[in-house]
Amino acid sequence: MIRDSKFFIENPYGRWVRDNLFSSSSSAFLTFFAGFMVIYSYRGIVGFILNPERMWTSVTYNMKLYMILAYPDEAMIRVWLSVGLALILGGLSIGFYNSGKTISLGGIFQKLFTISAVIAILIALAPTNTNVIQNDGSIEVVEIIPQDVRMLILVPSLVLTLAFFFLRNVKIKNLFNTAKVNLTYFGLIIASLYFIKIPTISLDSSGERIIPDPFLPIASTTYIPWTILYVGMLLFFFIGSLLKNRDIKIMARLIPISWFLCPLFIFSWIFKKPLVELNTVFSADIPSILVFGVIGFLIIRFSDNESVGVYRTPINIGFLVLSIVVFLLPLVFIFKATMVLLLLLLIVSPAIATTKEGKRQLFIVWVVSLFVLTFLIRGASSDTMLVTPTGSIFGGFSLTWLLAIFGTYASFPLGLALALGRTSTLPVIRIICTGIIEIVRSVPYITWLFFASVMLTVFLPAGVEFNLIIRVLILTAFFSGAYFAEYIRGGLQSIPKGQYEAANAIGMNPFQRIFLVIVPQALRTIIPTLVGSVITSFKDSSLVAIIGLFDILRIGTSVIPAQSQPVVFIGRNLEQLVFLSFFFWVFTFVFSRRSMKFEKRLGLGER
Amino acid sequence: MSKKAIVSLLVLSMVAVACATDTAEEEVAVEEEHDHSDESTLEMVLERGFVKCGVSGSATAFSETGADGSITGFDADYCYAVAAALFGDYSKVEFKSLTSAERFTSLAAGDIDVLIRNTTWTQSRDTELGNDFGPTTYFDGQQLMGRNSDGISSSSTLADIDGLSVCTNAGTTTEKNITEGAGLVGATITLVTVEKFSEAMDKFIAGECDIVTTDGSALVGRRAVNDALNDWSIFPQSPISKEPLGPVYRSNDSMWGDVINWVVYATIIADEYGVTSANVDSVDTDAFPELGRLFGANDGELQTVMGLSADAFYNVIKQVGNYDEIYSRNLNPVGLFREGGANDRWTNGGLIYAPPAR
């Protein structure tokens, strides 16, 4: 037998091939079949992309439309600031959480070897010709990769593959920090913006198309901001490393909080440019902070007071009733939101404010969160100063982000509350929570979207009018919240009873038992499922196209294929679909890879 | 501190919250003022300072979204024209891009003031749905497109499609028209229905169907772009359905309806006299008294009675243009021409006609 030959037994590569690809005759068949399918579809995709029928300029020319729809040009700095804030935070976290992991020069060459080998294989397998369908239905064969072009890529990549193959065994003691290496890779991508050319279109002053060259360099309005942002990111990377070396403990708390607040701040203030009137700040915001600050102070001050302890239940119920009343009254939103925060304080203060130091810290946290909450809500609830033709500043990718981030943000606490409510021993709460979860989950998302767009206005009291985007956000929060709730309930049920008993045995109160013992363990076990559902909600956000919001998918499938002036892109929907699938794939792939690393760090799947 | 003191402090602070909210209620009261259900749309729009116009946003040449997010096209230009008449500034428009499913709900709910979204005027839409239709700005009609190599020519009729497969988008009147039309002449066809017209077109290009059908304007647009070999023909010469497209507004709102109607008529009258945005300043109003009345020469009494400024229609022509300008700017590039068609001037045998300004 061939598979018992010397090559397959003695050579380590040969043995791997035999053990993994040709271990039995049926697996050999599967290997050949799958390999054939992969190569066949790869050649089909390349033929499709390089087909002269495709007009890729329809994608590149509309890139800004895809990203931010009609966001005004003069406010572009706000878009860059939004991206920049995320990048700077990223740089800071990479520097601060730098695990000190290193990679040897040989390891780098190993990676480069893989990359160049893959390129060589891909270009060798690429098809030479493709079929073009003519108007009369006949098919013409067209050459897409001439032999000299193939050689121009194949020969250098083969040479590099060979070079890296030998270099990867090089024994050099120099070790490189992985974080720095990754930052360098990112820098190389930024640097490439200065050199690469893409197929795009330029128009002269009268809107006529100039056709000098099918490939044009990337616009300076793209690469200059990216360069500045990259430099900022590097700067904050070094600041992060410095803080780590100085061992500044507070950063370990500040960075996650900043990550949490960053999207909220971006969407309510930077991206939006809210119109804030000073008299509403003085008449609503400042009284709200003062009043709730005082109430919070009193709650914290007397939380462990025994004489108040007698009235705890009536006080709690009183606040609950008050908050429901506040919610029903036509008041500014800030009061309603702060009331929820106050209820939270009422629940947590007996557990935390047990010592003088604990009370002091809780009060500081309370005041800071009051300010932050008021600030964010003032931005979010104010009108925008930006003027767009459609009256909405969210569209395209910015809308997708908005839906995905807020869907996750709002649905996670909601899901947690619903899950705890469903496992509660109080029948009323249990029935309500179970009802919400079951009703929401048993109706398709699209139906809920139609509900948001058409019926929600009928249900809301007269005079209360929400923007369509906000209606969709509320609905998405409930929809993914119900799913989250079921995942979390699964996690809760996986916690052995002994954990509850142990928490009781050391004298924890119910709040401490749930939030310090049970929930952390429950969440840890369901991280893969949660990540999966976040990815799902990111992709599901494209369904809003059905109810008339301009998300990235609707731009690609309806808007661009309708453009006739100044450049004709009529009917160019196939290019957009290819681009969008690649676009969504990049994001979900990166996301799931990150979560895999996260799972590894938490040691999941090792129990 | 005694128990009583603590409890009363808490009660006091709750009262404080209630007091602080008094100022907040004013904000809500201001918001409620915007709920004008009895007021005329005209007053509401003038007070607001801009007009909300419902368009498609993805209809080639009628209302398309450009690479910078701006909205242009034949329908969009009529939105600009309404704004020019109301405010003397064509840019005072907020567009709302609507799907065909939500357009009438959106109009009825007051999300938009006027719907100019290539909408066909039909009896049920006019009566049952609570809409009123303005003058038709574009006369469209359903046609078919086939390949010359399949024996189809522009003089073909519905009887010639016997035995062929026809692609169209599902659930629309387009589908019903072709089934009925083919049934009447006794032609047997294989109907292939897809979600969108662009998909039907992709199938037609890929050779999966022999015929594709939708409104003639869309077919002409696609032929101008995709038919490099000049192999495609559009037939029959008189469309198989009538699709008069025009502006739509809510029923029982004559003041507002008059404004929309006369903006359209003003562009048509200006076209009849050959007045364009370029020569509107040099019009001899003494020689053409109708133009004088239209552009507000005699104190613009006709316009002020409508609730507009005297020079409202002058602004429309100056800033947006007459019917012919609007038509040729948007529809000529995709291969739709006026000459000899239903959209030609009535003096040339077309249907574009306006009552006199008197």
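My entries below go through the ground rules, chain A as a whole, the cysteines, the aromatic rings and one surface patch.

**Ground rules.** I am working with a predicted model, in which local features need pLDDT of at least 70 and side-chain atom pairs count only at pLDDT 80 or more, while totals for chains, interfaces and linings use all residues. I number residues from 1 along each chain as its sequence is written, letter chains from A and number ligands from 1 in the order in which they are written, and take side-chain values from heavy atoms, with hydrogens and water left out.

**Chain A overall.** I looked up the secondary structure of chain A and noted 25 helices and 8 strands, where helices (H or I, at least four residues) and strands (E, at least two) are DSSP runs numbered from the N terminus. The C-alpha trace of chain A spans about 90 × 70 × 50 Å along its principal axes. Of the 607 residues in chain A, 42% are buried; buried means under 20% relative accessible area, exposed over 50% and partly exposed in between, with a 1.4 Å probe and protein chains only.

**Cysteines.** I searched for disulfides, that is, pairs of cysteine sulfur atoms within 2.5 Å, and the count over all chains is 2. In one of them, the sulfur atoms of B:C53 and B:C79 are 1.9 Å apart, and the link is left-handed with -55° about the S-S bond. This pair connects distant parts of the chain, 26 residues apart, with B:C53 in strand β1 (residues 51-55) and B:C79 in helix α3 (residues 74-87) of chain B. Another disulfide joins B:C167 to B:C209, with an S to S distance of 2.1 Å; its torsion about the S-S bond is about -110°, so I recorded this disulfide as left-handed. B:C167 belongs to strand β10 (residues 165-169) and B:C209 to the loop between α7 (197-205) and β12 (211-215) of chain B, 42 residues apart. How are the bonded cysteines of chain B paired when numbered in sequence order? The pairing is 1-2, 3-4. As for burial, B:C53 and B:C79 are buried, and both B:C167 and B:C209 are buried.

**Aromatic rings.** I counted 56 aromatic pairs over all chains, taking rings of Phe, Tyr and Trp (its six-membered ring) as paired if their centres lie within 6.5 Å, with planes under 30 degrees apart called stacked, over 60 edge-to-face and the rest tilted. I picked out B:Y273 and B:F288, an edge-to-face pair at 5.5 Å centre to centre with 70° between the planes. B:Y273 lies in helix α9 (residues 254-273) of chain B, and B:F288 in the loop between α9 and α10 (289-294), 15 residues apart. B:Y273 is partly exposed because its relative accessibility is 32%, and B:F288 is partly exposed at 40%. In chain A, ring pairs link A:Y66, A:F397, A:W401, A:F538, A:F579, A:F583, A:F584 and A:F587 into a cluster.

**Charges over rings.** I used the criterion that NZ of Lys or CZ of Arg is within 6 Å of the ring centre and within 35 degrees of the ring normal. The charged end of A:R54 sits over the ring of A:F48, 4.1 Å from its centre, and B:R48 lies over the face of B:F50 at 5.5 Å from the ring centre.
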